[in-house]
Structures are given as C-alpha cells and as structure tokens.
Amino acid sequence: RDFCRPVCPAPDAAQAGAADTDGVTERLSMSSMREAKDLSPLAPASFDAFAIAAPGLAPLIAAECIALGITPRDVSPAGVSFNATAEQLFTVNLWSRLASRVLVRLAEFEARDFATLEKMASRVPWHLVLSPGAAVRLRVTCRKSRLYHSDAVAERVARGITNSIKGSQALGRAKDDEEDDDGNTQLIVVRFDHDRCTISADSSGALLHRRGWRQAIAKAPLRETLAAAMLAACDWNGEVPLVDPFCGSGTIGIEAALRVRRMAPGLGREFAMELWPGAYAPMHEQVRATARAEQLPSVGAPIVMRDRDAGACKAAVANAERAGVLQDLVIEQGPLSDTSLESIGSGGLVLTNPPYGLRISDSADLRSLYARLGDVVRAGGRGWQLGMLVPDRALAAQTRLTFDAVLRTANGGFPVEVLVSRA
C-alpha cells in the first residue's frame with residue numbers, strides 16, 4: 001500500500017543535496033525528500049527518524065523497531081536512529097512502549113555565526129512539518145559551539161520559520177518535556193554540537209508514555225514507559241503469573257496486560273505528525289484498524305495487583321478500566337504480609353516498584369519491608385522470582401535473595417536498577 005500522497009513541490013537544488021555556501025557545508029536531510037521524479041504532493045518518501053530513549057532503554061527500543069520490521073541505523077545511549085516511511089513512522093509512534101518521543105531530522109549544517117545560522121534556517125524544509133498558521137515551540141541545546149547562547153539561537157531559527165511559513169508563530173522556548181505537551185504546538189528541537197546544527201521536528205506530540213488511560217494516580221507514580229521497560233528487561237510475556245504487591249495506580253499490571261494482549265499503547269491518543277501537511281488520515285486509520293484487529297481477547301496467566309492503600313487500589317481500578325484491561329486483572333487491597341504466591345501458582349514473577357527513601361519518605365522502616373518482601377517470595381516456592389526497581393543494592397540485600405541487574409536506568413532523576421532474583 002502507498003498511503004503517501006503528494007504534497008510538496010520538489011525541493012530546489014540548494015535543499016536537495018550537499019552544497020557549499022560561503023564556506024559552510026550544508027546537508028538538508030536527504031531521506032526527508034523525494035527526488036523530483038518520485039515526489040508526491042503530500043509527503044516525503046522517507047523520514048530520517050530518531051526514537052529518544054531514557055537512560056538504558058535504547059537497546060530495548062531497537063528490539064521494538066526490529067519487531068515492527070524496521071532496521072535500526074544506529075543505536076546510541078540517547079536513542080535509536082532509523083529510516084521510515086510515513087506509515088512506519090506512524091506505526092512506531094503507535095506501537096512503541098518504550099520510546100519517549102520520535103523525532104524527524106529536517107536539516108544538519110555547520111554554523112559558526114548568527115548570519116549563517118539564520119540563512120540556513122530559512123532553507124530548512126519547514127513545509128514538511130508546518131502548515132500556514134502553525135504554532136511552534138523551540139527546544140535548543142548548545143554544546144562546545146561558538147554559538148552557545150540558546151536564546152539567541154532560538155530567535156534566529158524562529159525567524160527562519162516565520163519567514164518561510166505564512167502566519168506561523170514561534171511561541172517561545174520549550175524548557176522541558178512536560179511543558180511541550182499541550183498538544184497545540186509543534187515542537188522543533190535544535191541541537192548545536194561542535195558547531196554542527198541539527199534541526200528536528202517532533203512527530204509524537206505529547207510524550208509517548210502518555211497513553212491516555214492514567215488519569216488517577218497514587219504516590220510516586222511510575223511512568224508507563226519505565227513499567228514497560230521493566231517487563232521487557234525481565235522478558236515476561238504472560239506465560240507465568242505476574243504479581244505486583246505495591247501496585248500504586250496500577251502501571252506495571254496495566255502495562256503487562258496491554259503487552260500480553262498485543263494492545264498498541266498509542267491507540268487512545270493522537271500524534272503531532274497527524275497535523276503535518278503531508279498527513280494522510282486514511283493511512284492513520286488503517287494502521288489503527290490493523291492494530292485493533294491484532295488484539296487478543298484476554299491474558300493467559302493471572303496478573304495480580306495489590307496495595308495496602310485503598311485509594312491506590314481505587315486509582316488502579318479506574319486506570320485499568322480506561323485502558324480496557326480491567327477484566328484481565330485481579331486488584332486487591334491488603335498488606336504485603338498477606339500476599340500468598342502459592343495460592344496464585346507454583347511459579348511466576350513478582351515485579352514491583354517498592355517504596356524507597358528517595359521516592360517517598362525516609363521515616364518508614366524500609367529494611368523491614370524489604371525483608372518481608374523476600375520472605376513472601378521464598379514462601380511461594382522455588383518457581384517464583386522477584387524483579388524490582390531499586391536505587392540501592394543495600395535495600396535489595398535485605399530480601400536475602402541473590403540478584404542480577406537486567407536494566408540500569410533513571411526514575412525521577414535518580415539512578416535506579418531493575419534487579420531480578422536468580423531462580
């Protein structure tokens with residue numbers, strides 16, 4: 001199927017390839033344009049895409065891309081780069097459980113003064129991602145470059161946008177990811193590194209962990225992407241029971257059900273690329289329809305979510321219902337010591353984000369809590385393993401279990417590990 005109908009006129013010679021302009025080497029992203037003979041009026045044939053990864057998640061995102069039939073071009077700690085058609089780009093946004101955003105590179109060039117930057121910014125193919133009247137926010141970072149003043153860089157790039165796209169508005173700088181999620185503006189990411197300027201457009205819109213179902217939250221909520229990463233790192237695929245005795249608002253259990261039932265995490269939301277000039281709504285609907293058709297009717301092994309807090313359990317029920325997986329989960333209120341793994345099965349995985357001092361309060365007797373967690377897992381029998389997100393190996397040691405680290409990442413700005421006990 002070819003869902004990319006033509007939209008843009010053929011790029012001029014200065015845009016279509018590498019050129020030397022006043023001694024400045026310019027490379028506008030070739031994969032974001034067709035050759036003139038193949039140009040469709042609405043969308044480019046291929047995008048130069050980059051899936052942004054939280055610390056430690058890039059290899060898992062690369063595996064996601066491969067499972068979707070996309071071959072990664074490069075995997076770095078910051079993320080995964082790949083070439084994608086419009087359909088593939090939309091598919092990654094729809095299906096990725098782990099990526100934070102998916103950017104599309106529009107241009108890369110060298111600039112050591114503001115005059116050059118402004119000239120190059122005016123030649124970026126903004127028409128690929130911005131319609132007349134578009135509102136834009138810029139995120140700018142500068143590293144080891146002569147142009148180090150990020151506000152001044154943003155001003156020049158914004159001028160290039162407003163001069164190129166009729167009625168467009170640069171609404172200022174986006175300071176952080178949460179600030180970018182209003183859904184009404186196009187995020188443009190500008191990065192200077194050793195005098196090389198890379199300009200990219202965000203294809204996702206709101207951060208991809210915002211699936212649309214988590215509206216009720218409990219204390220210290222876990223991002224959906226991190227919960228999904230824990231499941232992927234533990235290689236849990238629903239063949240054995242899963243138990244979360246500190247479920248909070250239910251993120252781990254809900255993500256587990258979505259994973260096992262093959263429910264695309266982005267089905268309940270929209271993406272920035274759907275507003276681009278080359279967007280083709282029938283393709284988006286077809287990809288969504290295909291995703292719905294691939295859903296399984298139920299999970300296999302039990303997924304049990306427990307918490308001693310009644311408010312947390314209520315939030316978990318509400319979130320699970322919005323996610324469409326309430327019928328797949330057992331949600332119980334009760335203390336850790338009342339958790340009976342033996343009654344659930346002869347083996348399985350306890351996967352949890354237990355309390356720790358950095359996250360909630362140092363006043364609780366955490367050592368005793370972790371010791372009880374170890375007792376609960378041992379009482380379940382040799383077939384049970386414990387997987388947990390912790391910032392401190394000393395706390396994990398209180399369980400008196402032997403662990404291997406399967407993922408090192410960050411949670412709330414703190415370094416954490418996902419540890420799994422040995423069978």
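What follows is a set of questions and answers on a predicted model of one protein chain.

Student: How many helices and strands are there in the protein chain?
Tutor: This is a predicted model. The protein chain has 423 residues, and 54% of them count as buried. Among contacts between residues at least 6 apart in sequence, 76% join residues at least 24 apart. The count is 11 helices and 17 strands.

Student: At what angle do the axes of helix α4 and helix α5 cross?
Tutor: Two packed helices are described by the angle between their axes and the distance between the axes. Here α4 spans residues 114–121 and α5 spans residues 150–164. Their axes come within 7 Å. The crossing is right-handed, and its angle is roughly 35°.

Student: Which residues in α5 does α4 meet?
Tutor: The α4 side of the contact consists of F114, L117, E118 and A121. Across both helices, the contact residues divide into 6 nonpolar, 1 polar and 3 charged. On the α5 side they are A152, V153, R156, V157, R159 and G160.

Student: Why is helix α7 described as largely enclosed by the rest of the structure?
Tutor: Buried means under 20% relative accessible area. T251, I252, G253, I254, E255, A256, A257, L258 and V260 in α7 are buried. Helix α7 is largely enclosed because the buried residues number 9 of the 10.

Student: What covers the buried residues of α7?
Tutor: Helix α7 covers residues 251–260. R262 follows it with a positive phi, near 60°. The cover over the buried residues includes α6, β11, β12, α9, β13 and β14.

Student: Which strands are the edge strands of the open sheet of 7 strands?
Tutor: The order is β13-β12-β11-β14-β15-β17-β16, with mixed pairing. From one strand to the next, the twist averages 15°. An edge strand pairs on one side only. That gives β13 and β16.

Student: What is the bridge partner of D307 in β13?
Tutor: Strand β12 is residues 303–307, and strand β13 is residues 329–333. The two run parallel, joined by 5 bridges. In β13, D307 is partnered by Q333.

Student: Which helix does the chain cross through from β12 to β13?
Tutor: This is a β-α-β crossover, and it is right-handed. The helix lies across β12 and β13, at about 160° to β13. Its residues are 310–323, and its name is α9.

Student: Is K314 buried or exposed?
Tutor: K314 has its place in helix α9. Its C-alpha atom is separated by 9.5 Å from that of I217, 97 residues apart along the chain. Exposed means over 50% relative accessible area. At 65%, K314 is therefore exposed.

Student: How many residues of strand β10 are buried?
Tutor: Strand β10 runs from residue 196 to 202. Strand β6 joins β10 by 7 bridges, and strand β9 pairs with β10 over 6 bridges. Both pairings are antiparallel. Strand β10 is mostly covered, with the buried count at 6 of its 7 residues.

Student: Which residue in β10 is the bridge partner of E110?
Tutor: E110 belongs to strand β6, which spans residues 101–110. D193 stands opposite R196 in β10. The β10 partner of E110 is also R196.

Student: Which residue in the turn between β9 and β10 has a positive phi?
Tutor: Strands β9 and β10 form a hairpin. There are 2 residues between them. The positive phi, about 55°, belongs to H194.

Notes. Residues are numbered from 1 along each chain as its sequence is written. This is a predicted model: local features need pLDDT of at least 70, side-chain atom pairs count only at pLDDT 80 or more; totals for chains, interfaces and linings use all residues. Side-chain values use heavy atoms; hydrogens and water are left out. Axes are lines fitted to C-alpha atoms, for helices over the stretch in contact, and angles run from 0 to 180 degrees between N-to-C directions. Helices (H or I, at least four residues) and strands (E, at least two) are DSSP runs, numbered from the N terminus. A crossing is left-handed if the near helix is turned anticlockwise from the far one by less than a right angle, and right-handed if clockwise. Contact means heavy atoms within 4.5 Å. Ala, Val, Leu, Ile, Met, Phe, Trp, Tyr, Cys and Pro count as nonpolar, Asp, Glu, Lys and Arg as charged, and the others, Gly among them, as polar. Two strands pair if DSSP finds at least two bridges between them. A crossover is right-handed if, with the strands pointing away from the viewer, the path from the first strand over the helix to the second runs clockwise. Buried means under 20% relative accessible area, exposed over 50%, partly exposed in between (1.4 Å probe, protein chains only).
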